[in-house]
Structures are given as structure tokens and as C-alpha cells.
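Dear colleague,

I am handing over the structure we spoke about, and below it you will find what came out of going through it. Please keep the sequence and the view open while you read.

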Amino acid sequence: MAYLELKGIEKFFGDLRAIKGIDLAINPGEFIVFVGPSGCGKSTLLRLIAGLEHIDGGRLMLDGRDITDLPSSKRDLAMVFQSYALYPHMSVFENMSFALKLAGVDPSVIKDKVERAAKILNLTQYLDRTPKALSGGQRQRVAIGRAIVRAPKVFLFDEPLSNLDAALRGQTRVEIAKLHRDLGATTIYVTHDQVEAMTLADRVVVLRDGVIEQVGTPLELYDKPANQFVAQFIGTPQMNVVAADKLPQLEAVYGLPVPAGGFVGLRPEYVTLKTAGSGVVQGTVELVEALGAETLIYVATDRGAQLVSRQSTRTNLRAGDSVGVDIDADAAHLFDAQGRISRP
Ligand code: ATP
């Protein structure tokens, strides 16, 4: 049985139907990530689960209990915000112990729990400091520590890393992954960063306009996107999606059943560049991005298709060079004119 279950969840803001009947079953211990473009409803959905917004329709079940109408404080969930929301005048120890103290937990038990959480999060030496004497990453760890000591049934994270710089974001992401491995707590994590989604999630939920477009493991979404929207949302650089009539070779050379008026999707790693004259398509290099471990080469084909090729080797190609392009037709995704998948 699902641990946390969303059944037909609805949310209106005035006339705006922000969440449109969402069904989702989350297993105990799962790390679930909500992703989607700005305004798709991911924060709202998390806040509905947290009890910070009123659920307008549907039911929310946690561990066999209907919690739809329970106030936030009674739901046994802990939320970690992007803004940390620490008490500035309290020490790290006091911040982490606050909820337990309010709940009347014995001081020696509190001390034990806080010290254990501090150890897990490498905060032991900072317990006496106030938040202003900490770095952004340390503050975020205190916010996580505050959630851990409560041992909630579910952890909720709302873009917890978005105030950190790129290096610290990467580091803290790894820490969150380890923490989940160690604690095994059921977690829901909202982000617009798909690297976070792909690296942290057991399953990713892709949202658009208040509905779920697809739920799957990171690699399922990458390899078998349900539609053009998911195909282009997951993966960096984006999947190449080209009007089928700009790549007639796919039908002529490879016999692919390209739908009329449809589109062809190719991940950049399945587009290979060769010397001009060879390959199934001819084109001109427009831009080379040498990233060190990989190189991205942007090509305009003779029929006006824009393709990006990803290769793990370095290149001597320059903008303006003529190239031949080969395509791994087996890896091509075919979409009809509405962006629906037309070949699995
Ligand atoms: P972002 O990535 O930009 O944070 P999001 O996917 O988290 O976006 P939400 O914040 O959940 O999106 O918003 C979903 C929709 O609901 C948006 O159209 C937003 O404008 C609207 N919305 C959210 N909160 C409110 C509110 N309190 N009052 C009115 N409309 C709201």
C-alpha cells in the first residue's frame, strides 16, 4: 500500500485551477522530486501536502490515515524552505531543538537528538553559533537538521538549494543524497533544476499547468519520455526536436514511420559529426562549446534544421566549417503534430 497518497487533489486560486485533480502514490522511503516549468504548480502541490494551503478537492492519505483536513502541525511532516527560516537570535542548537522543546520533550533526549543530527550534518562545531555567523550552506544544513530531529513521517523540501552558489549547490546535493541513503526517510523535493531531479530522485514527477505529464525513474524519463514536453524538459542540452520534413533522410534512408506534420527527437549524443560529404545530412558548424569533459557542437543542416551534437572528445571544428551529420535512427523519438509520442 502507498505510504502517502494523493487522490484527485484540486487547488483553486480564485478562478485559476492551479492543481487539476492530481493522483500520485508514494512508497515508504521513496525520494520523489517534483519538477516543471515556473508556474506549473509544484510549490503549490508541496504546500497542499504540508498543510500550508487548503485542499479544495480530493483526499490526502498518510500511512493509512486521511490527513486532508488536519492542520499542518498535526500532519507529522517537516518542511525545509529555500529561505531556511531560521531564528536569527537563537543558536544552532536552539534552532534545531526548538520544535522538540515546544513539544515538551525531555531535555536530555533533545540534547541527544540534536547532537546526533549535528554529527550527520557536520554541524557539531557550530552548535553554539547564531545563524548570522554561518555560511549559506551551513545555514541550509541547520534547516535540514531542524527537520531531522523531529523524525517526521515525510520530509518536504521546497527548492532548498536555490540560494546557494553552484559549487555549494552541488556539494549540498550530494549531502542530501547521502542523508537520504542513511535515514531512508520518505522525501518530496521541489526543484526547477533538472540535475537535482535526475541525481536525487527515485522517481521524478513532471508537472505542467497543474497536471502530471509523466512519473518515472530519471532514466525512464530520459529514455522513454511520454511526450515532446517531457522529452525537451529532461536532459541538458535539450533534446533536438526537428520538424520531420527537415530530416527526410529518416524516412528515405532508415525507413522510419515519421508522422506527417510531426517531429523527430534526437538526444545530442545520438548526433555524430563527420567530414563533409559523408554522413546522411550535410550542414555547417555554427558554434562550438568546449566544456572540457565534453564538447557541444551546434550545426545548421542544409534544410535548415538546428542540431546540437554532444561528443566526449575534443574537436578542431570551428564555426563555419562544413560537416556531415550521422544520426542514430534507432534512438530517434517520433512525435505527432500535437507533440504526442508516435513511436514508443
Ligand atoms: P516556480 O517554479 O516559479 O516557483 P511553481 O511551479 O512552484 O513555480 P506555483 O508557485 O505552485 O508554481 O504556482 C502555480 C500557479 O498558481 C501559478 O500560476 C501561480 O501564479 C498561482 N499561485 C500560486 N500561489 C498563489 C496564490 N497564493 N494566489 C494566487 N495564485 C497563486
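This is a predicted model: local features need pLDDT of at least 70, side-chain atom pairs count only at pLDDT 80 or more; totals for chains, interfaces and linings use all residues.

**What was found**

**The chain as a whole**

The secondary structure of the chain comes to nine helices and 19 strands, and its C-alpha trace spans about 75 × 45 × 35 Å along the principal axes. Of the 344 residues in the chain, 35% are buried. If you take the contacts in the chain with a separation of 6 or more, 65% of them are between residues 24 or more positions apart.

The domain assignment divides the chain into domain 1 (4-228) and domain 2 (244-343), and the C-alpha centres of domain 1 and domain 2 lie 39 Å apart. Where the two meet, four residues of domain 1 are in contact with seven residues of domain 2. On the side of domain 1 that touches domain 2, the residues divide into two nonpolar, two polar and no charged.

The buried residues of α5 are Arg169, Thr172, Ile176 and Leu179. Seen down the helix axis, the buried residues of α5 fall within an arc of 80°, so they line one face of the helix. These buried residues pack against α3 (107-120), α4 (136-149) and α6 (194-200), whereas the face of α5 turned away from its buried side carries the exposed residues Ala166, Ala167, Val174, Lys178, Arg181 and Asp182. After α5 comes Gly184, whose phi is positive, near 60°.

The helix α4 passes the same kind of check, because at 1.5 Å a residue its 14 residues should span 20 Å, and its end C-alpha atoms are 20 Å apart. How much of α4 is buried? The helix is mostly covered, with 11 of its 14 residues buried, and these include Arg139, Arg141 and Arg146 as well as Val142, Ile144 and Ile148. Among the elements that cover the buried residues of α4 are β6 (77-80), α2 (92-102), β7 (154-158) and α5. Just after α4, Ala151 takes a positive phi of about 45°.

**A loop with a buried residue and a cis bond**

The loop between α8 (228-233) and β11 (240-243) holds Ile234, and Pro237 lies in the loop between α8 and β11 as well. Is Ile234 buried or exposed? Ile234 counts as buried because it has 24 C-beta neighbours inside 10 Å, where 20 or more are needed. Leaving aside its neighbours within four places in sequence, Ile234 is in contact with Gln194, Leu221, Tyr222 and Pro225. Ile234 and Pro218 are 16 residues apart in sequence, and their C-alpha atoms are 8.7 Å apart in space.

Most residues other than glycine have a negative phi, and most peptide bonds are trans. With that in mind, please look at the peptide bond from Thr236 to Pro237, which is cis, with omega near -5°.

**Two aspartates with positive phi**

Asp76, found in the loop between β5 (65-66) and β6, has a phi near 65°, a positive value in a residue other than glycine. Asp209, in the loop between β9 (203-208) and β10 (211-216), likewise has a positive phi, near 50°. With 15 C-beta neighbours inside 10 Å, Asp76 counts as partly exposed, and Asp209, with 15 C-beta neighbours inside 10 Å, counts as partly exposed too.

With best wishes

Methods. Residues are numbered from 1 along each chain as its sequence is written. Domain bounds come from an automatic or database domain assignment. Ala, Val, Leu, Ile, Met, Phe, Trp, Tyr, Cys and Pro count as nonpolar, Asp, Glu, Lys and Arg as charged, and the others, Gly among them, as polar. A residue is buried if 20 or more other C-beta atoms lie within 10 Å of its own, exposed if 12 or fewer, and partly exposed in between; C-beta atoms are placed from the backbone. Helices (H or I, at least four residues) and strands (E, at least two) are DSSP runs, numbered from the N terminus. The arc is that of the directions from the helix axis to the C-beta atoms. The expected span of a helix is 1.5 Å times one less than its number of residues.
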